[in-house]
Amino acid sequence: MTPPDRRSRKRLATRQGISDVATRLFWERGFDKVTIDEIAAAADVGRMTVFNHFPRKEDLFFDREDEGRETLREALRQRDPAISPVETLRLLAHQLVAQQSPYLSFSPAGQSFIDTIMGSEALKARARAIRDELAQVVAVGLSECVGRDAGDADAHLAADLLLATWTVAFIQAHRAFRLRQDARKAKATFLAIVDQGHVGLEAAMAGTPYV
């Protein structure tokens with residue numbers, strides 16, 4: 001990969017600085033009580049600079065959304081042909097946990113992230129929309145793996161079942177962390193539910209090229 005040039009590095013640094021300031025303010029005061037003008041002032045940038053990097057206020061909070069989509073796409077694009085597409089995604093969940101991915105941070109910071117979402121109807125709505133968008137990404141990726149049309153019903157069923165499983169696993173793992181403050185057990189909870197859901201997903205997709 002070609003290293004980013006100076007302008008790109010500066011742009012990325014500005015974006016990260018705005019995101020860091022926004023996150024701190026959201027955690028301290030709640031998403032709905034923080035304005036774009038306050039974020040711009042705290043980050044020492046103009047209001048339009050904030051919008052140039054983050055078109056919606058919610059994007060300031062869910063600033064890793066694009067990375068998440070690309071992680072799913074790349075896992076399917078680069079999968080081992082000997083491993084089924086559905087199994088590839090189960091293994092991805094285990095890989096992300098092993099790599100201590102920020103997407104699966106069961107920690108006080110991760111708990112603050114969840115609490116901030118739960119305190120805002122706007123963030124809850126955006127979280128649901130992101131889940132649906134990720135399901136679409138997975139459906140397209142699955143269909144590409146086996147040479148089917150992007151609208152293939154089996155691919156969409158598999159994607160929806162997978163995202164439902166991962167959503168339940170994520171919520172239950174955070175509940176486990178809240179109760180015990182034990183990241184290891186929270187991760188184990190997440191993976192146990194992912195694996196349990198995978199059994200059902202494989203059964204539902206039996207006879208298709210996705211398993």
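Predicted model: local features only at pLDDT ≥ 70, side-chain atom pairs only at ≥ 80, totals over all residues.
Good morning. In what follows, Ala, Val, Leu, Ile, Met, Phe, Trp, Tyr, Cys and Pro count as nonpolar, Asp, Glu, Lys and Arg as charged, and the others, Gly among them, as polar.

I begin with the second largest pocket, which holds about 230 Å³ of space. Its lining divides into 5 nonpolar, 5 polar and 3 charged residues. Of these 13 residues, E74, A75, T88, L92 and Q95 lie nearest the centre. Helix 5 and helix 6 each contribute at least two residues to this lining, and helix 6 gives the most, with 5.

I turn now to the largest pocket, with about 1,700 Å³ of space. It is lined by 45 residues, and F62, Y103, F113, I117 and F170 are the closest to its centre. Two or more lining residues come from each of helix 1 (6-29), helix 5 (65-77), helix 6, helix 7 (108-118), helix 8 (121-146) and helix 9. Which helix gives the most to this lining? That is helix 9, with 8 residues. By class, the lining of the largest pocket comprises 23 nonpolar, 10 polar and 12 charged residues.

Finally, the structure contains 1 cavity of 30 Å³ or more. The volume of the largest cavity is about 50 Å³. Its lining consists of V86, L89, R90, L162, T165, W166, V194, G197, H198 and L201; by class, 6 are nonpolar, 3 polar and 1 charged. Thank you for your attention.

How values were computed:
Residues numbered from 1 in each chain as written. Heavy atoms only, no water. 1 Å grid on protein atoms, 1.4 Å probe; cavity = no way out; pocket = protein on both sides within 12 Å on 5 of 7 lines; lining within 4 Å. Points joined across faces, edges and corners; volume = space filled by probe spheres on them. Helix = DSSP H or I, 4+ residues; strand = E, 2+ residues; numbered from the N terminus.
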